[in-house]
Amino acid sequence: MGKNELSLDKFEEAYEIVKQVTSETKLVYSDYFSVQTGNKVYLKPENMQLTGAYKLRGAYYKISTLTEEERAKGLITASAGNHAQGVAYAAKCYGVKAVIVMPTTTPLIKVNRTKGYGAEVVLHGDVYDEACAYAYQLAEEKGYTFVHPFDDLDVATGQGTIAMEIIKELPLVDYILVPIGGGGLATGVSTLAKLLNPKIKVIGVEPAGANCMQESIRAGKVLTLDHVSTIADGTAVKTPGSNIFPYVSKNLDDIITIEDEELVVSFLDMVENHKMIVENSGLLPVAALKHLDVKNKKIVSILSGGNMDVITMSSVVQQGLVLRDRIFTVSVLLPDKPGELSRVADVIAKQNGNVIKLEHNQFVSINRSAAVELRITLEAYGTEHKNQIIDALHENGYQPKLVRASI
């Protein structure tokens, strides 16, 4: 084995080293997803990891492989997200200087958290690619050691320690679902899983709007997407890693792609059924469960991170409630005379609908005695309950029209 190849020895070494800093993220059995899918579903909650994501593993192991001289030069990386915090924390553990280049658009909370771990933050460029180019430039000028977010075999080895933990805890695991951005996590997990037990199926999961690994594997070489569009910002990558690509091509059994809407409802599922906050990229392996055409298998979904700002969270919850028919808005036309409002309210109350907003528009028609528009935003238990309420309105002589829910 060459110095830079992924080997069982390296994975075992990384497993012991990474244990020095990581929290134990024991598997969580999911009754909810097990019943839904007819499998035994377990969650690997790296959203509960120190720094809120798995990235600490690869960063810490990478630093352990460096010489004293390389560490003394200081580390540099580019990231707007979890890798920034992982490198900053790992560097702090080793007492090493870390410089993190972040795009100028990075939310302040992420900048402050990264600084909080003792790193120096440089804001540069509008997007990750510009920040990354500048980080390489600084590494060249100042002699820093560059730590790539995913296209580095030592970093991928550190991320692969997740697979070691899964297999130790659940030796008879059949499937591991892993999110893919640039491919570092998928490389480590799939390569180690196959080394330990070739029968384990490892499935990569990408956003449909950023499926760079799927397209590259189809082409048999690393490709760059023209553009990416997904709410899963942690996996919004245009070009997968070229150093790790041979391992992913060889060891991944399949790739599933997920639409943004599926992530929105998966967020609700996790909050309501597991009381866990999981960021959109970490929800990819949860959303992928319903795409797997298998039964009675032991499946682990890796929840890669939980760093989501509160504003994003609130909009995802609202969208999720609308998509699940838990909130909807109907428009009905009423004669402009006393008592009509209470009649409608009575129909809704009998169906256990909960009114959360009313909008009353008397100017919808020139003939006010004929029609006043009432927009009613309601809370329901789901699609069946929503349809019952609409049917009851029809039966009572109203002509309800569904309109876009506004909360």
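Modeller: Two strands are said to pair if DSSP finds at least two bridges between them. Helices (H or I, at least four residues) and strands (E, at least two) are themselves DSSP runs, numbered from the N terminus. The model is predicted: local features need pLDDT of at least 70, side-chain atom pairs count only at pLDDT 80 or more, and totals for chains, interfaces and linings use all residues. Residues are numbered from 1 along each chain as its sequence is written, and side-chain values use heavy atoms, with hydrogens and water left out.

Biologist: With which strand does β2 pair in the parallel sense, and over how many bridges?

Modeller: Its parallel partner is strand β10 (residues 298-303), and the two are joined over six bridges. Within this pairing, lysine 44 stands opposite isoleucine 302 in β10. Strand β2 also pairs with strand β1 (residues 28-29), in the antiparallel sense and over two bridges; there, valine 28 has leucine 43 of β2 as its bridge partner.

Biologist: How many residues of strand β2 are buried?

Modeller: Buried means under 20% relative accessible area, exposed over 50%, and partly exposed in between (1.4 Å probe, protein chains only). Five of the six residues of β2 (residues 40-45) are buried, so this strand is largely enclosed by the rest of the structure. For the protein chain, 55% of the 407 residues count as buried.

Biologist: In what order do the strands of the open sheet of four stand?

Modeller: The order is β5-β4-β3-β6, with parallel pairing. Strands β5 (120-123) and β6 (145-146) stand at the edges, each with a single partner strand, so one side of each is left without a neighbour in the sheet. Strand β3 (residues 75-78) pairs with β6 over two bridges, and isoleucine 76 stands opposite phenylalanine 146 in β6.

Biologist: Which helix lies across β3 and β4?

Modeller: Axes are lines fitted to C-alpha atoms, for helices over the stretch in contact (heavy atoms within 4.5 Å). Angles run from 0 to 180 degrees between N-to-C directions. Helix α5 (residues 82-94) lies across β3 and β4 (98-102), and runs at about 170 degrees to β4.

Biologist: Where does alanine 232 lie, and is alanine 232 buried or exposed?

Modeller: Alanine 232 lies in the loop between α10 (212-219) and α11 (245-251). At 0% relative accessibility, alanine 232 counts as buried. Leaving aside neighbours within four places in sequence, alanine 232 is in contact with Pro207, Leu263, Asn280 and Ser281.
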